[in-house]
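Work through the exercises below with the sequence and model at hand. Try each task before reading its solution.

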Amino acid sequence: MKNPFFCFSCRTVLFIVLVALCALIPLAAFAQASPLGDTKLDTFVYDFEKSGTQGWGPRGDGVKVEATSAAAHSGSYGLSAVGRSANWMGSAINLVEVLKRDAVYEFSAYMKVALPPSPPSTIKFSIEEKTGGSTSWVTVAQVEVKDNKWVQVTGSYSFSSGKDSLTLYAESSSVSDDIYIDDIIIKMVTPPPAASAIKIQKDIKSLKDSFAGYFAVGTAVNPQNIQGDIGDLVIKHFNSIVAENAMKSLYIQPSEGVFFWDDADAIVAFAKKNNMVLRYHTLCWHEQCPDWFFLDKNGKEMVDETNASKRAANKKLLLQRLDTHITTIVSRYKNDIRSWDVVNEVTDTSQSDGMRQSKWYQIAGKDFIETAFRSARAAGGPRAKLFINDYNSEEPAKREAMAKLITEMKAKGVPIDGVGHQTHIKLNYPPMNQISDSIKMFADMGLENHITELDISIYSDDLTSYGSVPEDLLIQVAYRYKELFDTFRNLHKNITNVTLWGISDGTSWLQNRPIKRVDAPLLFNNQFQA
């Protein structure tokens, strides 16, 4: 049955968005469909022969994960997980940036325990699925073992709705087992139904050309949508990109001292090849940050420490870790990336001091912000543009809290160059003058302005949900975008980058936030049509 959301009339309405922004020519014929990327790119191998743990890290406090010859099934290295104190603990990796919704994957891996178990153990791979506030667990492959010999485990996996995270992890029914894994192969055997139906419209004016001379136009990407037809769509319309997740600390340094560069490097290479501006998001954030940052040398939560001298030692350790994290990343990419979201979402107007009570703040106070910016400047040099990024920056109370913090930091010589305005907004709020007032205020402070995570939800509350988006709301989205970009164009002397938070409606985070529901917040629909 044909989805009414993609009927001809609705598709025509969606064109209004780009018509309004780009003064497009009339509806053009669709280009011929082609396969989405190289099928070889849909097979993922973790053999631990390069890049250390290849992005795997510990699941559970006290667990140590490392690539070691003792865990090798073939080659020189495999992955070990030791120090487990619960059956669900072991080694883990988040595959939300790897696996595609509605695809079917075959899974194969080798597992063993370090010593013969008594009684026999059940060892397995599972996937923890998180969507909003909901968590579920799926067993992918398992086997009972009576000795410490290698066994091959196989299974299949698919998921049919958007996820915030998909954590693949190895576990054992016995907490005393040290778990070894190696030669993991995840292969797509059935592609998503939409993959073969994607048609990129080639006879429409590009966004980047429409705003040439005003500001760069960007979008958030992951390694899977910078290839094939979707990659071509990104190249056509955008001259700036940002990693949606791949450069956040949880993914790039999942365990202390172990950096996973592959995904970030792929995005950097794509930007360089296509002469695109690349923004870094984000060096320091309270979310999507691995737990190890906030554990003391004994594996205890730093925020729980009550001894004054130990709290001082914990603060010093945390700031050292932050400095190392930032210095390592910025040093690697300083010649490829100019704009950096150094800290993200550090203010909170519900607090008396205007500061978010994150673990960063509870342990280190505002010193973590100062350390983050100073470390980024030291590693990136004077060329680096250093941003503080936050949401609701158009709200008077929020922008005042941000301005107060920035003024305080700059008085101490902290190198803050700009403000990132996330701009996750709705059809009916905020009024456009609040957005322009914030941009003008920070520009008057001598700061550069970026619009960093733009999208427009069709909903005005957290409860309403449509089965398909009404046509009149799509028209309202179009005119809201026109009003917004007219404002940005008028303020172009104060704005150097406008980045949308995603490419298509179907992959937007708003499909699952604050509840699971259909939304249409971006410039391309689920089928990547304008």
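**Exercise 1.** Find which backbone oxygen the side chain of S210 reaches, and decide whether S210 is buried or exposed.

*Solution.* The side chain of S210 reaches the backbone oxygen of S206, at 2.9 Å. A polar contact is a pair of N or O atoms within 3.5 Å; within protein, one must be able to donate a hydrogen and the other to accept it, and residues adjacent in sequence count only if both atoms are side-chain atoms. S210 belongs to helix α2, residues 207-210. Helices (H or I, at least four residues) and strands (E, at least two) are DSSP runs, numbered from the N terminus. Last, check the area. S210 has a relative accessible area of 12%, so it is buried (under 20%; exposed is over 50%, partly exposed in between; 1.4 Å probe, protein chains only).

The model is predicted: local features need pLDDT of at least 70, side-chain atom pairs count only at pLDDT 80 or more, and totals for chains, interfaces and linings use all residues. Residues are numbered from 1 along each chain as its sequence is written, and side-chain values use heavy atoms, leaving out hydrogens and water.

**Exercise 2.** Classify S240 as buried or exposed, and list its contacts beyond four places in sequence.

*Solution.* S240 sits in strand β13, residues 240-243. Its relative accessible area is 0%, so S240 is buried. Now take contacts (heavy atoms within 4.5 Å). Setting aside neighbours within four places in sequence, S240 touches A216, V217, G218, T219, M276, V277, R279, N497 and T499.

**Exercise 3.** Compare the span of α11 with its expected value, then locate R489.

*Solution.* Take the span. α11 has 20 residues and reaches 29 Å from its first C-alpha to its last, close to the 28 Å expected at 1.5 Å a residue. The expected span is 1.5 Å times one less than the number of residues. Then the burial. Among the buried residues of α11 are L473, R480, Y481 and F488. R489 also lies in α11, residues 471-490. With a relative accessible area of 23%, R489 is partly exposed. R489 and Y214 are 275 residues apart in sequence, yet 6.4 Å apart in space, C-alpha to C-alpha.

**Exercise 4.** Repeat the span check for helix α6, and name elements that cover its buried residues.

*Solution.* Helix α6 runs over residues 308-333. Its 26 residues reach 38 Å from first C-alpha to last, close to the 38 Å expected. Buried residues of α6 include N314, R321, H325 and Y333. Their cover includes α4 (249-252), α5 (262-273), β14 (277-285) and β15 (339-344).
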